[in-house]
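Student: Could you walk me through reading a structure like this one? I would like to learn the general idea of each feature and then see the case at hand.

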Amino acid sequence: MTVDLPDSGKMFPGPGSDAINNNCLACHSAGMVLNRPALPKSTWQAEVTKMIQNYKAPVASEDVAAIVDHLTHTKGAE
């Protein structure tokens, strides 16, 4: 039996990915996030806010909008 585990060295792709790579990869693999269903921007905003407020994720406040924008661009639903 073989098991394929997510590649923990994978980074979020594309332009504007610096904020999400610098703030989110400490706790999440890019693969784990990118395998989630597509969500609307308001839901991505709520997820990022939850990570900061509930789980005390050390996300720089100036990076929040860029993270939400990147998630919406990469995994956004209309």
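Tutor: Gladly! Let's begin with helix length: the expected span of a helix is 1.5 Å times one less than its number of residues. Keep in mind that this is a predicted model.

Student: What span should the 13 residues of α3 have, and how far apart are its end C-alpha atoms?

Tutor: At 1.5 Å a residue, α3 should span 18 Å, and its end C-alpha atoms are 18 Å apart, so the two values agree.

Student: Which residues of α3 are buried?

Tutor: For this we need a cut-off: buried means under 20% relative accessible area, and exposed means over 50%. In α3 the buried residues are Trp 44, Glu 47 and Val 48. They cover an arc of only 95° around the axis, so they sit on the same side of α3.

Student: What does the face of α3 turned away from its buried side carry, and what covers the buried residues?

Tutor: The face turned away carries the exposed residues Ser 42 and Gln 53. The cover over the buried residues of α3 includes α2 and α4.

Student: How do I read a nonpolar core?

Tutor: The general idea is that in soluble globular proteins, nonpolar side chains tend to be buried together. Here the largest nonpolar core has 16 residues, and those with the most contacts inside it are Phe 12, Ile 20, Trp 44, Val 48, Ile 67 and Leu 71. At least two residues of this core come from each of α1 (18-24), α2 (30-34), α3 (41-53) and α4 (64-75). The helix that gives the most is α4, with four residues.

Student: Which residues does Leu 71 touch, not counting those up to four places away in sequence?

Tutor: Leu 71 touches Ile 20, Val 33, Trp 44, Val 48 and Gly 76.

Student: And Asn 21, is that residue buried or exposed?

Tutor: Asn 21 has a relative accessibility of 9%, so this residue counts as buried. Asn 21 is placed in helix α1. Leaving aside neighbours within four places in sequence, Asn 21 is in contact with Met 11 and Phe 12.

Student: Now for charges. How many salt bridges does the structure hold?

Tutor: A salt bridge needs a side-chain nitrogen of Lys or Arg within 4 Å of a carboxyl oxygen of Asp or Glu. The structure holds three of them. In one, Glu 47 pairs with Arg 36, and the closest N and O atoms are 3.4 Å apart. That pair links distant parts of the chain: Glu 47 belongs to helix α3 and Arg 36 to the loop between α2 and α3, eleven residues apart.

Student: What else does Glu 47 form a salt bridge with?

Tutor: Glu 47 also pairs with Lys 50, the closest N and O atoms being 3.3 Å apart. Both lie in helix α3, three residues apart, which is about one turn of the helix. Glu 47 is buried at 18% relative accessible area, while Arg 36 is partly exposed at 30% and Lys 50 is partly exposed at 29%.

Student: Which residue does Lys 41 form a salt bridge with?

Tutor: Lys 41 pairs with Asp 69, the closest N and O atoms being 3.1 Å apart. This bridge joins helix α3 to helix α4, with the partners 28 residues apart. Lys 41 is partly exposed at 44% relative accessibility, and Asp 69 is partly exposed with a relative accessible area of 40%.

Notes
Residues are numbered from 1 along each chain as its sequence is written. This is a predicted model: local features need pLDDT of at least 70, side-chain atom pairs count only at pLDDT 80 or more; totals for chains, interfaces and linings use all residues. Side-chain values use heavy atoms; hydrogens and water are left out. A nonpolar core is a set of buried Ala, Val, Leu, Ile, Met, Phe, Trp, Tyr and Cys residues joined through side-chain atoms within 4.5 Å. Buried means under 20% relative accessible area, exposed over 50%, partly exposed in between (1.4 Å probe, protein chains only). Contact means heavy atoms within 4.5 Å. The arc is that of the directions from the helix axis to the C-beta atoms.
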